[in-house]
Amino acid sequence: MNIRRFFLQFLPRYAVGRMVIYAKLMRIDKPIGTLLLLWPTYWALWIASKGVPDADIFIAFSAGTFLMRSAGCVVNDFADRNFDGAVERTKNRPFAKGLVSKTEALLLTVMLCLMAALCLVPLNRFTWLMSLPALFLAVTYPFTKRFFPLPQFYLGLAFSFGIPMAFAAVQGRVPPEAWLMFTANALWTLAYDTIYAMADKEDDLKIGIKTSAITFGHHDITASMLCHFWFTVLMVVLGIKIGATWPYWLVLPITAYWQYQQYAAIRTRDRQLCFQTFLANNRIGLAWFCGLVCHYFWLFLVSKLF
């Protein structure tokens, strides 16, 4: 059954219409951002818990990640409300079409942040404290495009804060491995979001906002692939530090091949290909997660057999 029709059975048409608009504002129909946030958070949860994360912590981080990503999307559209109409890819967003007010967006943001705060209830106080810089980064990122030459790097910091938070929740501390993962993920985010920015480069130049694709200029492809390279190198270092077994290392040649495919695609500088290449990074995050899950499962099997 169509979800809209389902809600129309219980709610007035106006209320359902507003819900649909708010859902679009939160990008519920485009889960790629949530997934790119979840994979590094799950990496951290699995490593911090040696492959057996507590169910309540797993659920809290999954729900909190979805809610904070949604809040970040609302803030982003609020910040870009005067620009999105001039960008081909974003011209149909709710703010660009005048379907939502500033007050509605701010109230929705507050509500989402409060709901995300509720996800912290089963976690320790250290995790609560770690959530404060994470919140600051999430809500300020959209405004960095006005003055910071590499807003995608700032986004990388925001997208990586689930990693130290996960270690704080599981271990009550943030070990060096967490910051190694934090750095790796920040580089990966800079890589894929620069590719994302390449899709909007022409429009962004006209508008006058700053992106890493503009800052890097003709070296944007090189910069993206260098970030991919160092991300992979740090994932290798991480594997050595955790004593990773063969399932983890199987991911290495697979992701290297996918990264080469990304290079071949973005060399064309075709807008649609750049956007599709950005989306393809989801499978890299998933692959490393599967490698970690299988690594700890293999260790479990070996411990039972021998």
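**Notebook: contacts, salt bridges and surface**

I began at Thr144, whose side chain reaches the backbone oxygen of Tyr141 at 2.6 Å. I note here that the model is predicted. Thr144 sits in helix α6, which covers residues 125-144. I looked up its accessibility next. Thr144 has a relative accessible area of 4%, so I put it down as buried. Leaving out residues up to four places away in sequence, I found that Thr144 touches Pro151 and Tyr154.

**Salt bridges**

I then turned to charged pairs. How many salt bridges does the count come to? I get nine salt bridges. I went through three pairs in detail.

Pair one is Arg27 with Asp77. They form a salt bridge, and their closest N and O atoms are 2.9 Å apart. Arg27 lies in the loop between α2 (13-25) and α3 (32-48), while Asp77 lies in helix α4 (residues 55-79), so this pair ties together parts that are 50 residues apart in sequence.

Pair two is Arg146 with Asp80. I read 3.5 Å between the closest N and O atoms of this salt bridge. The pair links distant parts of the chain, 66 residues apart. Arg146 is in the loop between α6 and α7 (151-160), and Asp80 is in the loop between α4 and α5 (102-118). Arg146 is partly exposed at 33%, whereas Asp80 is buried at 6%.

Asp220 lies in helix α12 (residues 220-241) and Lys201 in helix α10 (residues 201-207), so the pair ties together parts 19 residues apart in sequence. Asp220 is buried, with a relative accessible area of 0%.

Salt bridges join Arg27, Asp77 and Arg93 into one network.

**Nonpolar patch**

I found a nonpolar patch of about 1000 Å². Its residues are Trp246, Leu250, Phe297, Trp298, Leu299, Phe300, Leu301, Leu305 and Phe306. Which elements give two or more residues to the patch? They are α13 (246-266) and α14 (271-305). The largest share, six residues, comes from α14. Leu250 lies in helix α13. At 48% relative accessibility, Leu250 counts as partly exposed, because exposed needs over 50%.

**Backbone angles**

Last, I looked up positive phi values. Lys50 is not a glycine, yet its phi is positive at about 55°. I placed Lys50 in the loop between α3 and α4. Lys50 has 60% relative accessibility and counts as exposed. Arg269 is not a glycine either, and its phi is positive at about 60°. Where does Arg269 lie? I find Arg269 in the loop between α13 and α14. Arg269 is partly exposed, with a relative accessible area of 38%.

How values were computed. Residues numbered from 1 in each chain as written. Predicted model: local features only at pLDDT ≥ 70, side-chain atom pairs only at ≥ 80, totals over all residues. Heavy atoms only, no water. Helix = DSSP H or I, 4+ residues; strand = E, 2+ residues; numbered from the N terminus. Buried < 20%, exposed > 50% of the residue type's maximum accessible area, 1.4 Å probe, protein only. Polar contact = N/O pair within 3.5 Å; in protein donor to acceptor, adjacent residues only side chain to side chain. Contact = heavy atoms within 4.5 Å. Salt bridge = Lys/Arg side-chain N within 4 Å of Asp/Glu carboxyl O. Patch = residues over 30% accessible without salt bridge, like charges linked within 9 Å, V, L, I, M, F, W, Y side chains within 5 Å. Areas by Shrake-Rupley, 256 points an atom, 1.4 Å probe, with all protein chains shown as cover.
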